[in-house]
Amino acid sequence: MTETELSKIYDHTEVERRWYDHWEKEGYFKPRDGDAPPFVIHIPPPNVTGSLTIGHAFNHTLQDTLTRWQRMTGVPTLWLPGTDHAGIATQNVVERKLAAEGKTRHDLGREAFLKEVWKWKAHYHERITAQMRRIGDSVDWSRERFTMDEGLSRAVREVFVCLYNKGLIYRGNRIINWCPRCLTALSDEEVDHQDTDGKLYHLMYPIKGTQKHIVVATTRPETMLGDVAVAVHPKDKRYAPLKGRSAILPFLRREIPIIFDETVDPKFGTGAVKVTPAHDPNDFELGQRHGLTPIVVMNPDATMNENAGDFRGLTREEARTRIVEALQDRGLIARVEPHRHSIGHCQRCDSVVEPYLSLQWFVSMKPLAKPALEAIEKGELTILPRRWEKVYLRWLEGIRDWCISRQLWWGHRIPVWTCAKCAEAIVEVEEPKRCPKCGAGASDLKQDEDVLDTWFSSWLWPFSTLGWPGQTEDLRRFYPSSVLITGPDIIFFWVARMVMAGYEFMGKAPFPVVYLHGIVRDAQGRKMSKSLGNSADPIEISEKYGADSLRLTLLLLSPQGSDIHFSEERVDLGRHFANKLWNAFRLVAPHLKDYTPDEQAARPFLTDADQWILSMLGTAVRQVTRDLKSYRIGDAAKDIYDFTWRELCDWYLEMAKPRLYAGPDAPGALAVRFTIHRVFSTVLRLLHPFMPYLSEELWHALPGTEGDVCVAEWPAPGRASNKEVESKIELMKEVVGAIRNLRSEMNIPPARGLHRGAEPRDLSSARGVDRRGNGAEAARARAGQGHARLRPVHAEAPERGLPG
């Protein structure tokens, strides 16, 4: 093939812009035809809320590394890309944009607002795909999907109708997490719980017909206006005389029963608790057991409603203050004490979440969770690192019904229509033309205003993207996928639900392995995220340092499953390596010009140094391959990094220089040229999954190679390790190291030679030497004993490595 002329300085910008278009044009990112079992990864679809972060770059680099490696082994590969509409998150960012213009979504109306969101989606979809191309994602763009495209939208409706018909989707009044700013329901997983220093108020409720009071403890006095009972434990003897009695609710003078329930903790507070079924999930369950009617005392925006009496119109915070003051004035507060407790916050806007009684749609999860639990026990699913399996199982064992309705405009409309004439609820995949009960026409059928939780489309991702519910060829060939690579922060949101959906609708898990990588954090330890705005744009980092440098750095900083503390300066780790390899290749390139590899001719003349580097190369191939197979991707990157920098550049090339510089006709030239060519052709193939651009550029500058390294054959380790020659070279390296230490201790400049026979007077004072004969003196003795066994090599290793 034509050799590429290399510039003196590695210009990553020029190199990286050229190759991606070439790979895509050649069709390398599409799976090869054939019946061989494919390697498949579905990308965790990025939200169209904004640009990708460094965290996305890390996640994509892990997936791309495995995909490129598998492609080079000859396996048909599919890395399927796509993006997520991210209902509440995207609606929030567009609403903020409108607010900056002095508008609200209600000013625009639903249809006009959705047009604005689609414009936002188009802009950031273009930005996201540009970022993916820049960092080298080898995805099959012809199969790109979006969670609200027509095919996926139909899958969402099919699933809703199917689960509804099976009785697993229902509508009911239940306590849900309510965000008073976003004005929508939230699932349990969309609530961040934060420990907060608050107060525990001991309130005194008069007991009807007596001069006595019962004291209840609460952290939220404002909800007392919705109390419908006071509960105590049936075995709490303090309250046995109160059986059948009632308390009087202050302010509203409502008579509320004193009830006995075993769920009450007699050790918490006074052992008596207020029961507010409309504003507490535990109280809701308790109220259902005792037939209590809930009373909602707040509006959706968390202001007090008409059931709050004189406190109507106040915010919940204002109501708390006013209620506490009024109770104190009436002598109805026994005491107030500091109390640290957990408070839920909306994951998207950080507002305090309100437990709120609301009519919503739910999925009954326990029947769906059973096969997902058994998947671990049966070995059908493995989660790496394995410690996450316990977290997964614990969540599934305690799973609660999933609130799937959201009071938003952006998302999949719930496929339920209500007849205005007969109130019949119609649940259909396609919009109905008439009421099946009374025959009313389409104009009398009104669709539910709410949309589905964004995860209701995401949990179908592994098969909806392949054409389900149609029985497509892609679905037959590419389901299930080979592995899911994602972060542990969405193990409940997404991973567990995808497993449930896979068993329910496809009869098998959507993937056999889940690899949960660490979280990329900033210098302050915060997760890098769009909402915090604490991540640089991967494109900007790639322009400055190179996409390959960013990729390699992220991998080198990431032991399996561990978090990464990232800062821009750390990308120098990858950039220095790229420069090191570039300079090393430029060193040998002139000596390989017009060279045609001939192993049979060269092998009889290989020196110990040649055999050593080839043996170490085989070890590196085995290590990198083994680590990739076990998803230790960071370790694989370190293996190739260490071999290339330390063994190849710092030692072998320095030993090879005299034979290289002697010219192509000199003794030993045949062996050294063959060895260098073999090592570089192997290193570039090993390196390609990690640094695709640099490896491709150098591959085309290496004579004797064919095609593109992107689809070159993954190297085999070759012959077994040569332990004998490895021991010899390691001994030589020890001697050189000891000599360097002596030079340093004796202040002998590296360029200054030693007179024959000259020795320091007291070797034992030098670093690395003790009086038992260890260190330099012992190494020199061993070298003298073993030198005769060494075949001729240039053993003068560098004082410094190649320029990095």
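Contact on this tour means heavy atoms within 4.5 Å. With that in mind, select Tyr-392, which touches Ala-372, Ile-376, Leu-381, Ile-383, Ile-491, Ala-496 and Val-499, leaving out residues up to four places away in sequence. Before you go on, note that this is a predicted model, where local features need pLDDT of at least 70 and side-chain atom pairs count only at pLDDT 80 or more, while totals for chains, interfaces and linings use all residues. Residues are numbered from 1 along each chain as its sequence is written, and side-chain values use heavy atoms, with hydrogens and water left out.

**Stop one: the cores**

Tyr-392 and Phe-456 touch the most other members of the largest nonpolar core, which has 172 residues. A nonpolar core here is a set of buried Ala, Val, Leu, Ile, Met, Phe, Trp, Tyr and Cys residues joined through side-chain atoms within 4.5 Å. Buried means under 20% relative accessible area, exposed over 50%, and partly exposed in between (1.4 Å probe, protein chains only). Next, colour helix H20 (residues 633-661), which gives the most to this core, with 15 residues. Helices (H or I, at least four residues) and strands (E, at least two) are DSSP runs, numbered from the N terminus. Another core, of 48 residues, lies apart from this one; select Tyr-201, Ile-214, Ala-231 and Val-275, which are among its members.

**Stop two: the rings**

Rings of Phe, Tyr and Trp (its six-membered ring) pair if their centres lie within 6.5 Å; planes under 30 degrees apart count as stacked, over 60 as edge-to-face and the rest as tilted. How many aromatic pairs does that rule give? The count comes to 27. Pick Tyr-10 and Trp-582: their ring centres are 4.8 Å apart and their planes sit at 35°, so this pair is tilted. The pair links distant parts of the chain, with Tyr-10 in the segment before helix H1 (12-26) and Trp-582 in helix H17 (residues 572-588), 572 residues apart. Tyr-10 counts as buried at 10% relative accessibility, and Trp-582 counts as buried at 2%.

Now jump to Phe-251 and Phe-311, an edge-to-face pair at 5.3 Å centre to centre with 75° between the planes. Phe-251 is in the loop between strand E10 (246-249) and strand E11 (254-260), and Phe-311 is in the loop between helix H7 (281-289) and helix H8 (316-329), so the pair ties together parts 60 residues apart in sequence.

A charge sits over a ring if NZ of Lys or CZ of Arg is within 6 Å of the ring centre and within 35 degrees of the ring normal. Arg-133 lies over the face of Trp-141 too, at 4.5 Å from the ring centre.

**Stop three: two sheets**

Switch to cartoon view and find the open sheet of three strands in the order E8-E7-E13, with antiparallel pairing. Two strands pair if DSSP finds at least two bridges between them. Strand E7 (residues 191-206) is joined to E13 by 13 bridges, and Leu-200 has Glu-337 in E13 as its bridge partner.

Last, show the open three-strand sheet E19-E18-E20, also antiparallel in its pairing. Strand E19 (425-427) and strand E20 (445-447) are at the edges with a single partner strand each, so one side of each has no neighbour in the sheet. Finish on Trp-417, which stands opposite Ile-426 in E19.
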